[in-house]
Amino acid sequence: MTSAPAPATAPSIPIGKGAVAALGTLAVATGALESVVTPTLPLLQRELGMSPAEGALLSIVLLITGALVTPIAGKLGDRYGGRRVLIRLMAVVSAGGLVSALAPNLPVLLLGQILQGAMVGALPLSFILVRRHLPAGESKVAIGTVSGLFVGGGMAGTLSAGPVAEGLSRHWMFALPTFAVIGSTVLVNRLMPHDPPGRSDDARIDWPGLALLSGMLVTLMLVLAKAPDIGSQPLVLGALVVLLVAFVTGWTAVERRAESPMVDPRMLARPAMWKSCVLTFMLCVGTSVAVYLVPQLFAVSADAYGFGAGATEIGFFLLPGAVAASLAGPIGGLGARRFGSRAVVVAGTVVMASALVALVAVHTQVWHLVIGKALIALASGLCVTAMVTGTATSVDRGDTGIATGLVLVTRVLGYAVGAQVAGALLTAGTPSGSDVPAESAFATGFVIAGAVTALSLIVARTMDKGVNA
C-alpha cells in the first residue's frame with residue numbers, strides 16, 4: 001500500500017495579486033507598529049514616570065519575544081499550516097497592540113509589548129506561504145516586495161509616531177497601526193487559501209528549552225535594570241543573579257540532551273561558531289547602546305546640553321538611520337559575495353567604532369548625531385548580513401537552522417545587554433531630584449560602545465577565510 005505524497009511539497013492553490021497585496025499590507029502595518037516606541041521613548045518615559053533603565057527594558061522586550069517566537073513559528077506552520085498559524089500570531093499581536101494602546105502604566109505597557117513581539121514570527125510565515133503558493137520566480141519577487149513593504153512600514157511608523165503621540169496621545173500611536181494590523185489580517189484570512197500542513201515529525205518543538213530560555217532572558221533584563229539600585233536593594237539583585245545562574249545551568253543541561261534543541265550549545269565548540277557568536281554579541285552591544293542613547297540625547301533640554309527635541313523631531317532625525325539600515329542588507333550581501341564575509345565584517349566594524357568614538361568627541365549639533373547614527377546603522381547592517389551569510393555557509397546544511405538560531409539568540413542578548421547598560425548608565429548618572437542625566441553619562445556610554453566594538457576586531461581578524469560566503 002503506497003502512502004499519499006506529503007501535501008506540503010507542491011504549491012496548492014495558486015494565489016493572485018490580491019493575496020500578495022494583503023500580505024504586503026500586513027507587513028506595512030506590523031512594521032509601523034513595531035517602530036513606534038523608539039522615537040517616542042523619551043515621551044513615554046516622561047508620561048509614565050520611567051527611569052532610563054526602565055525605558056531601556058521597554059525598548060527591547062518586543063525583540064526578546066520575537067527571538068523566542070521566530071524559531072517555533074516555522075515549525076508550527078509546518079505542523080498546522082502557515083496561514084492558520086499566521087492568523088493566530090496576528091491575533092496575539094492585535095491583542096498586544098490594544099493592551100499597549102490602553103496601558104495606564106509601565107507594567108501593562110510591557111505586557112502589551114511582549115504580546116506584540118509575536119509579530120517577528122509573522123514575516124517568515126509570510127515567506128513560507130508565498131513559496132508554497134507561487135512558482136519560484138514569482139515567489140522571489142513577492143518575498144522582496146513584502147520585505148520592502150515591512151521596511152517601509154517601519155519608516156512610516158518612525159515618522160508618524162511622534163505627530164500622533166503629540167497631536168492626539170500616546171494611546172493612539174499604538175491604536176492606529178493596531179487597527180491596520182487587524183484589518184490586514186482579515187484580508188489575509190479572506191484572500192489567502194489554506195495551505196495543508198506538512199509532516200509533523202519534522203516539527204518537534206523544544207518546549208522545555210524555550211521555557212528556560214525565556215526565564216533566562218527575562219531574569220537577565222531584570223538584573224541589568226536593577227543594577228543601578230544595588231546600593232538600596234542588594235538582596236534583590238543578589239537573588240536575581242542566583243536565579244539567572246540557575247536558568248543558564250538548567251537551559252544548558254536541557255539543550256544538550258534534547259533530541260531537537262531550539263539552540264544547541266554544543267555547536268559553540270566549533271571555532272567558526274563561537275567566533276561568530278562572540279562577534280555578533282559584541283557588535284550588537286555597541287549598536288544597541290547607540291540606538292538607545294541617541295534619541296535620549298535629542299530629548300535632553302536645550303537649556304542643559306541637549307536639543308529639546310519632541311517625539312516628532314526625533315522621528316525625523318532617526319529617519320536617515322532607518323534608510324541606511326534598509327540599504328545595508330543588499331550592500332552587505334553583495335560585499336560578502338565579492339570580498340568575503342570577513343572583509344565586510346572588518347570594514348563595518350571599523351566604520352562603527354569610528355562613528356562611536358566620534359560621537360564621544362562631537363555631539364553638540366543635531367547633524368553630528370544624525371550622521372553618527374546613520375553610519376552606525378549602516379555598519380551594523382553590513383556586519384549582521386555578513387555574519388549570517390558566514391554562519392550559514394560554515395556549517396553542514398542540516399545544521400543551518402540550529403546554527404542560525406544560536407546566532408539569533410546571541411544577537412538578542414547583545415541588543416538587550418547594550419540597551420540595559422545604556423539605561424543603567426543614564427539612571428546612575430541622573431542627580432537626585434533631577435530628570436536630566438549628566439552629559440558624562442552619555443559620553444561614558446559611547447566610550448563603552450566604541451571600546452566593545454573596537455575589541456571585536458580582534459575576533460573578526462582571526463576568523464578563517466573559509467567562513468566567507
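Among contacts in the protein between residues at least 6 apart in sequence, what share join residues at least 24 apart? The share is 81%, where a contact means heavy atoms within 4.5 Å.

**Figure 1. Overview of the predicted model.** This is a predicted model in which local features need pLDDT of at least 70 and side-chain atom pairs count only at pLDDT 80 or more, while totals for chains, interfaces and linings use all residues. Residues are numbered from 1 along each chain as its sequence is written, and side-chain values use heavy atoms, with hydrogens and water left out. The protein has 16 helices and zero strands; helices (H or I, at least four residues) and strands (E, at least two) are DSSP runs, numbered from the N terminus. Of the 469 residues, 51% are buried. Buried means under 20% relative accessible area, exposed over 50%, and partly exposed in between (1.4 Å probe, protein chains only). The accessible surface comes to about 19,900 Å², and carbon and sulfur atoms account for 67% of that surface. Areas come from the Shrake-Rupley method with a 1.4 Å probe; for residues, only the protein chains shown count as cover.

**Figure 2. Close-up of the second largest pocket.** The volume of this pocket is about 440 Å³. Its lining has 18 residues, and those closest to the pocket centre are Gln45, Arg46, Asp435, Val436 and Pro437. Two or more lining residues come from each of α2 (37-48) and α11 (271-299). Helix α2 gives the largest share, three residues. By class, the lining holds nine nonpolar, seven polar and two charged residues. Here Ala, Val, Leu, Ile, Met, Phe, Trp, Tyr, Cys and Pro count as nonpolar, Asp, Glu, Lys and Arg as charged, and the others, Gly among them, as polar. The search runs on a 1 Å grid over the protein atoms alone; a pocket is an open set of points where a 1.4 Å probe fits, with protein on both sides within 12 Å along at least five of seven lines, and lining residues have an atom within 4 Å of a point. Grid points are joined across faces, edges and corners, and the volume is the space filled by probe spheres set on the points.

Figure 3. The structure holds three aromatic pairs. Rings of Phe, Tyr and Trp (its six-membered ring) pair if their centres lie within 6.5 Å; planes under 30 degrees apart count as stacked, over 60 as edge-to-face and the rest as tilted. The ring centres of Phe298 and Phe317 are 4.8 Å apart with planes at 40 degrees, so this pair is tilted. Phe298 belongs to helix α11 and Phe317 to helix α12 (residues 311-339), and the two are 19 residues apart. Phe298 is buried, at 0% relative accessible area. For Tyr305 and Phe442, the ring centres are 6.1 Å apart and the planes at 70 degrees, so the pair is edge-to-face. Tyr305 sits in the loop between α11 and α12, and Phe442 in helix α16 (residues 439-462), so this pair ties together parts 137 residues apart in sequence. Both partners are buried, Tyr305 with a relative accessible area of 18% and Phe442 with 1%. Ring pairs also link Phe298, Phe307 and Phe317 into a cluster.

**Figure 4. Surroundings of Gly308.** Gly308 is in the loop between α11 and α12. Its relative accessible area is 41%, so Gly308 is partly exposed. Gly308 and Phe298 are 10 residues apart in sequence, and their C-alpha atoms are 6.4 Å apart in space. Apart from neighbours within four places in sequence, Gly308 contacts Phe298, Ala299, Val300, Ser301, Ala302 and Glu313.

**Figure 5. Two buried serines, Ser100 and Ser456****.** Ser100 is part of helix α4 (residues 82-102) and is buried, with a relative accessible area of 0%. Not counting residues up to four places away in sequence, Ser100 touches Leu109, Gly112, Gln113, Gln116 and Phe174. Ser456 is part of helix α16 and is likewise buried, at 0% relative accessibility. With neighbours within four places in sequence left aside, the contacts of Ser456 are Leu279, Met282, Leu283 and Thr349.

Figure 6. Leu213 is in helix α9 (residues 207-226) and is buried, with a relative accessible area of 0%. Glu255 lies 42 residues from Leu213 along the chain, with 9.9 Å between their C-alpha atoms. Pro124 is in helix α6 (residues 122-133) and is partly exposed, at 32% relative accessibility. The C-alpha atoms of Pro124 and Gly82 are separated by 9.7 Å.
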